[in-house]
Amino acid sequence: MEIRTPLIAIMVSIILLVIYLRKNIPQLISARIFFVFLVSVFACNICEILECTAFMLIDEKSSAAALREVTQILYVGSLLFSAFIMCIYIYAKTTLKRAVSNLVVVITGIPALIAVIIAIVMGIDVGVNEWGYYYNCGTAVTICYAIGFTYVLLSILRVIYFKNRIRKDSFFSILSGLIVWAILLIYQFIDRAMQVSAVAMMIMALILFLSMENPREYYERSIDGVRNRDAFEMALLERMGMRREFFVVSVIFTGKTAVMSNSERSEMTDLMKIVGKISESHVGTPAYLFNWNTLCSIVRNPERVETFMNIVNNLKDNEGKNYRLTFSVLELPKYASEADKALQILTYVSGEYAFKQSSPNLVIDQAVVDKMTYRNSIEDVVRTAVKEKSFDVYYQPILSVEDGSFSSAEALVRLQRPDKGKFISPEDFIPIAEKCGLIQEIDDLVFEKVCSFIARENLQAYGIKTIEVNLSGNEVVDEQTHIRLINKMNKYQIPPDFINFEITETSYINNDEVFKENVARLRESGSTISMDDFGSGYSNLLEILKMDYALVKMDKEFVWSCLDKDKPENMRMLDYTIKFLKDFGLHILAEGVETMDQAKILIDKGVEYLQGFYYSRPIPEEEYIDFLKAQKGLFAKGE
């Protein structure tokens with residue numbers, strides 16, 4: 001038996017162990033199993049050195065000859081144990097639960113235990129080759145080698161069968177290592193004097209370390225001490241597989257806007273480092289970067305959840321001038337029995353839901369899950385509607401105070417559920433469409449339907465002078481917008497002055513130059529531009545000063561607040577606003593008119609156009625045509 005090979009293997013094993021322990025105390029089940037495998041490889045090579053030493057120093061006729069048999073059994077047993085651990089590791093990597101039950105470990109380990117017992121009872125024979133090297137042989141050794149080879153073979157077959165459960169690059173790495181191991185085992189069985197098992201296990205350990213179990217690959221490079229999203233998903237998947245109660249704690253960094261400067265990004269990174277250290281030192285669990293603004297930690301003890309929450313809530317305000325820390329808790333598997341569902345909930349809460357909340361602490365309960373489910377169902381409907389072009393356009397007549405005619409109308413997009421059930425409110429599906437990057441396609445579909453309707457029904461014949469069409473903030477900052485809109489008007493031979501484009505501020509316009517270019521080109525073609533929803537969101541005085549609008553539409557909530565009978569002082573705001581807009585040369589339209597009293601007050605204040613349920617709800621194309629026919633009949637009678 002030659003001692004150089006196991007010595008080299010021991011050195012490599014020690015290096016891997018030092019690197020592994022220096023950077024990581026294994027948290028994942030698969031990582032802990034890999035750690036055991038590294039230790040078993042190390043132990044196997046120690047046993048091989050002890051066996052070699054015993055054969056060199058102890059004569060078979062010596063009184064200490066029994067020690068030689070002990071070292072033989074230890075060596076063969078450690079070989080079997082390493083193959084057994086590898087089999088368990090492969091199981092952990094390929095099972096959907098990512099957890100290994102005690103029953104699986106016991107059943108898998110029974111053959112190895114039986115083989116070791118046989119080796120102890122029957123003993124291990126010793127042979128000598130032509131160069132004078134000792135090697136193990138006999139029935140017991142053959143049985144042990146056969147069972148060890150079976151473990152490796154079963155691992156190969158499982159990896160191939162469940163290859164879809166492993167990343168493609170990892171699949172080829174694991175499979176290559178196992179095949180090399182199997183080949184070297186066969187070679188050692190044929191040529192007993194060549195002890196290559198140590199080399200086989202060393203190669204397998206290196207392959208796994210470099211391709212899958214290198215702890216550095218699980219850390220976020222930009223934030224010291226914080227693990228990345230891949231590590232979180234693996235940890236979550238394993239924890240879900242245990243079917244035991246635990247909590248996912250999220251610290252969500254909600255800033256003023258989603259667009260950050262370099263200094264703000266650096267500030268958030270520093271804050272994340274602090275929270276990460278809190279998670280490690282006070283809660284005893286690593287922090288994971290779930291997405292750009294959220295750190296997650298997996299906690300088993302509810303008392304530690306409360307401890308974590310108190311520490312985060314006590315962070316001083318000067319730790320982050322531009323960020324608010326929102327602490328959320330998700331109990332699992334109570335609110336999600338599968339990892340994918342849990343990830344959906346966490347994504348929803350750390351995204352749009354957290355930004356709508358004012359509380360620093362959020363407990364994710366069934367109500368939040370239901371909101372997410374409803375939100376996701378809307379997204380599914382929106383995506384299907386875009387694909388099938390199944391949006392409807394409704395028209396809400398607008399009264400011209402000057403002549404009492406309904407010479408204009410606003411085109412409003414409507415979305416009905418596929419089962420022809422209730423309509424989904426635009427306030428629900430428009431923000432979702434914006435977040436999904438579908439709003440431009442929706443705007444284009446709506447404008448296509450509007451142009452087609454105008455041309456098909458010849459609306460000018462009914463006295464219609466203008467149809468108002470909404471343009472989202474996302475679309476007005478697209479350099480191709482004015483080209484698309486003008487081409488559609490030309491396609492249906494719609495006079496550009498027949499279209500008034502309303503700029504809606506559901507998205508913040510962050511590219512003024514492109515915005516101004518689109519508005520200028522549309523205005524040059526003959527269309528007019530108005531500001532929608534004045535008095536809410538981003539539609540404010542600054543925007544009026546930046547852009548040459550023709551008309552301003554006062555938001556219904558603003559109008560209702562100004563006309564609130566319980567707050568008569570608010571009327572001064574209405575007077576001031578109307579006077580300012582008129583002095584600035586702008587036409588004014590008031591939305592949300594629902595009563596005759598509201599209409600009279602607004603008319604007396606000088607508002608030129610009125611829109612609201614008092615005159616008509618938004619109605620589909622056919623009903624709108626009937627409305628126009630009825631109005632035309634009234635004018636014909638002089639009423």
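Two strands pair if DSSP finds at least two bridges between them. In this predicted model, β15 (residues 587–590) and β16 (residues 609–610) meet that criterion with 2 bridges, in the parallel sense.

**Parallel strands**

- β14 spans residues 551–554 and runs parallel to β15, at residues 587–590. The two strands are joined by 4 bridges.

**Helices α5 and α6**

- Two packed helices are described by the angle between their axes and the distance between the axes.
- α5 (residues 139–161) packs on α6 (residues 168–190) at about 160°, with the axes 10 Å apart.
- Angles over 145 degrees count as roughly antiparallel, so α5 and α6 are roughly antiparallel to each other. Their crossing is left-handed.
- On the α5 side, the contact residues are T142, Y145, G148, F149, V152, S155, I156, V159 and I160. They meet F171, I174, L175, L178, I179, W181, A182, L185, I186, Q188 and F189 of α6.
- This contact of α5 with α6 holds 16 nonpolar and 4 polar residues, and no charged ones.

**Helices α11 and α12**

- α11 covers residues 339–356 and α12 covers residues 366–388. Their axes come within 10 Å and cross at roughly 90°.
- Angles of 65 to 115 degrees count as roughly perpendicular, and α11 and α12 are therefore roughly perpendicular to each other.
- α11 contributes K341, Q344, I345, Y348, V349, E352 and Y353 to the contact. Facing them in α12 are V368, V369, K371, M372, R375 and N376.
- By class, the contact of α11 with α12 has 7 nonpolar, 2 polar and 4 charged residues.

**Helices α14 and α16**

- The axes of α14 (residues 439–457) and α16 (residues 481–491) also come within 10 Å, crossing at roughly 20°.
- Angles under 35 degrees count as roughly parallel, so α14 and α16 are roughly parallel to each other. The crossing of α14 and α16 is right-handed.
- Q440, D444, F447, E448 and C451 in α14 meet R484, L485, K488, M489 and K491 in α16.
- The contact of α14 with α16 divides into 4 nonpolar, 1 polar and 5 charged residues.

**Backbone details**

- Most residues other than glycine have a negative phi, and most peptide bonds are trans.
- The L332 to P333 peptide bond is cis, with omega near 0°. P333 sits in the loop between β6 (323–332) and α11.
- N458 is not a glycine, yet its phi is positive, at about 50°. N458 belongs to the loop between α14 and β11 (466–471).

How values were computed. Residues are numbered from 1 along each chain as its sequence is written. This is a predicted model: local features need pLDDT of at least 70, side-chain atom pairs count only at pLDDT 80 or more; totals for chains, interfaces and linings use all residues. Side-chain values use heavy atoms; hydrogens and water are left out. Axes are lines fitted to C-alpha atoms, for helices over the stretch in contact, and angles run from 0 to 180 degrees between N-to-C directions. Contact means heavy atoms within 4.5 Å. Ala, Val, Leu, Ile, Met, Phe, Trp, Tyr, Cys and Pro count as nonpolar, Asp, Glu, Lys and Arg as charged, and the others, Gly among them, as polar. A crossing is left-handed if the near helix is turned anticlockwise from the far one by less than a right angle, and right-handed if clockwise.
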